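Have the viewer open as you read.

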Amino acid sequence: MRDMEERELFAEYKRSGDVALRNEIVERYLYIAAMIAKKFVGRGVEYDDLYQVAALALMKGVDRFDENMGVKFSTFITPTITGELKNYFRDRSRLIHLPRRVAELRSSIRKEADEIFSETGKSPTAKQLAERLNVTEEEVVSAMEAGGVVSLDQPIDNGEREGSNFYEMIPADNSAFDEIEQRDALESAVRTLSDEERQLIAYRFQQELSQAETARRMNVSQMYVSRMERKILQKLRENLKKSMAD
Amino acid sequence: MQNIMTLEFPLKRDMMTTIRLVTGGICSLAGLSLDESEDCKLVVTEGLLLLLRRGYTKACLSFSGEGKLCILARGSDYEAAAEDRAEEEISIALLNALVKNFTMKREGDGDSISFSFGG
């Protein structure tokens, strides 16, 4: 198979429908998924998750590719993977992950900077911090730039309203009732899930673990987590639609 | 069309973080959404990497526009290009996937790429 030309490879797969051959094709082109996933790093989603989305898009693309279209597979699959990644960001990632991630990164930067200073007696550069924290330099600089972000859970310490936090200071309006209604609907929808599904939701959306870490804790494959997550989201979406309509 | 900023710099991978940060700032000035800004940063760096792979050692990057952000990147000071057609194909496909009006052409001594966001 390794020596087969791209065209004949896909023609052979179309003819035979051989899953083993499909898997080999996917492996041959996985580097494209990795390459594109890397380009989307730094938007608040871990590389593992991006790679998973890109690899799934690649798998679907192998089945959809028509070798007689006159384009190379790489040209065909790149926009497909890009589109899937953009949909992934649009659907669920930014609002959930970014603010907390930036806050966590800022805190890690402060700790690491102190450590480097105590080791070397010098203030670290963004490059040094990026290497130590295994993130990009841009993420370090952007997180530092994002100063002044205040957590709504942070206690207000002005001597007047002890025990209050910023969240309590936000004036309520009518939309708060809508939010309560939506939260009730969401809680009802979550109750329809199995224990395993609820566990996954807790890992992925409350603790914000990556798919890889969730898989490790649940003792299943990352692919299984990915499939299950899609299934759960679909189920929740349908249940929510139903309960909001009632 | 109003010129917002023009930058000339050595075309090296080390410069990409700085360029991404500058681009992010300009996107913010131009009123682009967060998603558009992220895409714009990706397109700018990918375009510059394309010029780098084609063998250019210097680049000039211009940001201009009214209502939308127009970006032009030109490569200059050509040296021998590294041959990596496969990577170049993926780069071009990615750029076309992210912006509808991406163009690449040969102008004078060097290649140039242009595209716009917003508007």
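Predicted model: local features only at pLDDT ≥ 70, side-chain atom pairs only at ≥ 80, totals over all residues.

Start with helix H1 of chain A, residues 6-16, and helix H2 of chain A, residues 19-39. Their axes sit 10 Å apart and the packing angle is about 150°. Because angles over 145 degrees count as roughly antiparallel, that puts H1(A) roughly antiparallel to H2(A). The crossing of the pair is left-handed.

Who does the touching? On the H1(A) side you'll find Glu6(A), Leu9(A), Phe10(A), Glu12(A), Tyr13(A) and Ser16(A). H2(A) answers with Leu21(A), Arg22(A), Ile25(A), Arg28(A) and Tyr29(A). Sorted by class, that contact has six nonpolar, one polar and four charged residues.

Glu12(A) has another partner to look at: its side chain forms a salt bridge with that of Arg15(A), at 2.7 Å from N to O. Both residues belong to helix H1 of chain A and are three residues apart, about one turn of the helix.

Chain B has a helix pair of its own to inspect. Helix H2 of chain B (residues 34-53) packs with H3(B) at about 150°, and the axes are 10 Å apart. That makes H2(B) roughly antiparallel to H3(B), and the crossing of these two helices is left-handed.

From H2(B), the contact draws on Asp39(B), Leu42(B), Val43(B), Glu46(B), Gly47(B), Leu50(B) and Arg53(B). From H3(B) come Glu87(B), Glu88(B), Ser91(B), Ile92(B), Leu94(B), Leu95(B) and Leu98(B).

The axes of H2(A) and helix H3 of chain B (residues 85-98) come within 12 Å and cross at roughly 50°, which means H2(A) is oblique to H3(B). How is the crossing of H2(A) and H3(B) handed, left or right? It is right-handed.

Tyr31(A), Ile32(A), Met35(A), Ile36(A) and Lys39(A) make the contact from H2(A), while Glu87(B), Ile90(B) and Leu94(B) make it from H3(B). Those residues divide into six nonpolar, no polar and two charged. Glu87(B) and Leu94(B) also turn up in the contact of H3(B) with H2(B).

## The interface as a whole

Zooming out, 17 residues of chain B are in contact with 19 residues of chain A. How much area do chain B and chain A bury between them? About 1,800 Å², and 59% of that is on carbon and sulfur atoms.

## Salt bridges

Side chains of opposite charge can pair when their charged atoms come close. Between chain B and chain A the count is five salt bridges. Glu138(A) and Lys41(B) form a salt bridge, with their closest N and O atoms 3.2 Å apart. Over all chains, the structure holds 25 salt bridges.

Key: Residues numbered from 1 in each chain as written. Chains lettered and ligands numbered in written order. Heavy atoms only, no water. Axes fitted to C-alpha atoms, helices over the stretch in contact; angles between N-to-C directions. Helix = DSSP H or I, 4+ residues; strand = E, 2+ residues; numbered from the N terminus. Parallel < 35°, antiparallel > 145°, perpendicular 65-115°, else oblique. Left-handed = near helix turned anticlockwise from the far one by under 90°. Contact = heavy atoms within 4.5 Å. Nonpolar A, V, L, I, M, F, W, Y, C, P; charged D, E, K, R; others polar. Buried area = accessible area lost by both parts, 1.4 Å probe. Salt bridge = Lys/Arg side-chain N within 4 Å of Asp/Glu carboxyl O.
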